[in-house]
Amino acid sequence: ESDKRLAVITAAMPEGTGVAGFARRWPARFYDVGMAEQHAVGLAAGLARGGMRPVIAVYSTFLQRAYDQIMHELCLQELPVILAIDRASLVGEDGPTHHGVFDVGYLRVLPNLAVLSPKDPAELRAMLQWALEQRGPVALRYARGGIVCGEPLGRPAKIVSGVSEPLRAGKDVTLLALGSMVYPALKVADELSRERMDAAVVNARFVKPLDVEMVRQAAQAGAIVTLEESQVAGGFGSAVSEALGELGLSQTSHLRIGLPDQFVEHGKRSELLSLCKLDPASLTTRISDWF
């Protein structure tokens with residue numbers, strides 16, 4: 001409310017993205033461009049050049065349409081625009097056209113763009129505040145409905161660029177979890193402990209810039225498992241593998257867990273997680289067998 005430069009843009013999704021309240025309270029700073037994601041990003045770039053702080057509220061699957069504008073109008077010019085990427089997950093009954101599972105791969109390759117994924121709504125609020133303090137573009141990708149699998153962890157630690165959040169210590173294997181996979185990772189660690197596996201859990205927070213020091217420490221401690229609710233091809237796990245190579249630690253045992261190289265069908269979110277073996281029981285079995 002104190003920042004009169006803030007503007008919100010959406011592409012025909014004010015209710016779905018949760019920005020209808022902002023539109024009613026500050027109509028002069030709200031723009032619904034209709035089903036024109038390319039125009040949404042172009043408009044945000046122009047507003048940013050004029051001194052505003054635009055936030056684009058958009059579903060992950062629809063942001064793909066504006067890839068060229070993200071690249072040339074935001075990243076190339078290093079403009080302070082925030083991409084608030086909703087439905088960055090399996091979305092259940094919305095179907096295969098709406099699963100937001102490709103954004104990690106297509107965003108992390110772009111220079112000058114920070115890419116973050118919160119574990120819960122409280123961390124999303126903290127990340128949004130952090131993003132508003134940055135001088136370049138920021139992408140915040142979060143699951144539909146602020147999904148939390150377990151008891152909320154409360155107030156998050158301070159957001160620092162490229163710094164992850166250790167949540168549990170362990171000496172056998174480190175579970176590096178991104179976004180919606182953080183709470184399941186904590187459940188998995190509890191289950192693994194019953195099998196005499198001591199698993200650390202780290203909330204990655206940043207896809208880019210990646211917490212390379214955390215990766216180094218995890219590699220030196222033992223094996224690494226990366227968990228993400230996005231395509232495993234080119235995703236967060238791939239970023240960790242690349243970092244291990246650059247650190248000269250490519251011999252580290254590393255299991256990348258994410259979504260398979262296929263389009264996921266329609267169904268309830270719980271059913272789809274089980275189908276893709278991303279539910280806690282399947283994750284526990286897969287990690288235990290691999291280890």
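How many bridges join E7 to E9, and do these strands run parallel or antiparallel? The answer is 3 bridges, and E7 and E9 run antiparallel. I will come back to that pair after a word on the model.

This is a predicted model, in which local features need pLDDT of at least 70, side-chain atom pairs count only at pLDDT 80 or more, and totals for chains, interfaces and linings use all residues. Residues are numbered from 1 along each chain as its sequence is written, and side-chain values use heavy atoms, with hydrogens and water left out.

Some terms next. Helices (H or I, at least four residues) and strands (E, at least two) are DSSP runs, numbered from the N terminus. Two strands pair if DSSP finds at least two bridges between them.

Now the sheet with E7 and E9. Its 5 strands form an open sheet in the order E7-E9-E8-E11-E12, with mixed pairing. E7 and strand E12 (254-259) each have a single partner strand, so one side of each has no neighbour in the sheet. On average, neighbouring strands here are turned by 25 degrees against each other, direction ignored; axes are lines fitted to C-alpha atoms, for helices over the stretch in contact, and angles run from 0 to 180 degrees between N-to-C directions.

Helix H7 (residues 182-194) has 13 residues. From first C-alpha to last, H7 reaches 19 Å, close to the 18 Å expected at 1.5 Å a residue; the expected span is 1.5 Å times one less than the number of residues. Its buried residues include Val182, Tyr183 and Leu192, where buried means under 20% relative accessible area, exposed over 50%, and partly exposed in between (1.4 Å probe, protein chains only). The buried residues of H7 pack against strands E7, E8, E9 and E11 and helix H11 (280-290), among them strand E8 (173-177). Contact here means heavy atoms within 4.5 Å. Just after H7, Arg196 takes a positive phi of about 65 degrees.

The other sheet is also open: 7 strands in the order E2-E1-E3-E4-E6-E5-E10, mixed in pairing. Strand E2 (30-32) and strand E10 (206-208) are its edge strands, each pairing on one side only. Strand E4 (residues 82-86) and strand E6 (residues 138-141) pair in the parallel sense over 4 bridges, and Ile85 has Arg141 in E6 as its bridge partner. H2 lies across E1, E2 and E3, running at about 165 degrees to E3.

On to the interior. A nonpolar core is a set of buried Ala, Val, Leu, Ile, Met, Phe, Trp, Tyr and Cys residues joined through side-chain atoms within 4.5 Å. The largest has 48 residues, and Leu83 is one of those with the most contacts inside it. Helix H2 (residues 37-49) gives the largest share, 6 residues. A second, separate core of 28 residues includes Ala185 and Ile257.

Last, the aromatic pairs: the whole structure has 5. Rings of Phe, Tyr and Trp (its six-membered ring) pair if their centres lie within 6.5 Å; planes under 30 degrees apart count as stacked, over 60 as edge-to-face and the rest as tilted. Phe22 and Trp26 have ring centres 5.1 Å apart and planes at 50 degrees, so this pair is tilted. Trp130 and Phe206 are edge-to-face, at 5.4 Å and 85 degrees. Trp130 lies in helix H6 (residues 121-132) and Phe206 in strand E10, 76 residues apart.
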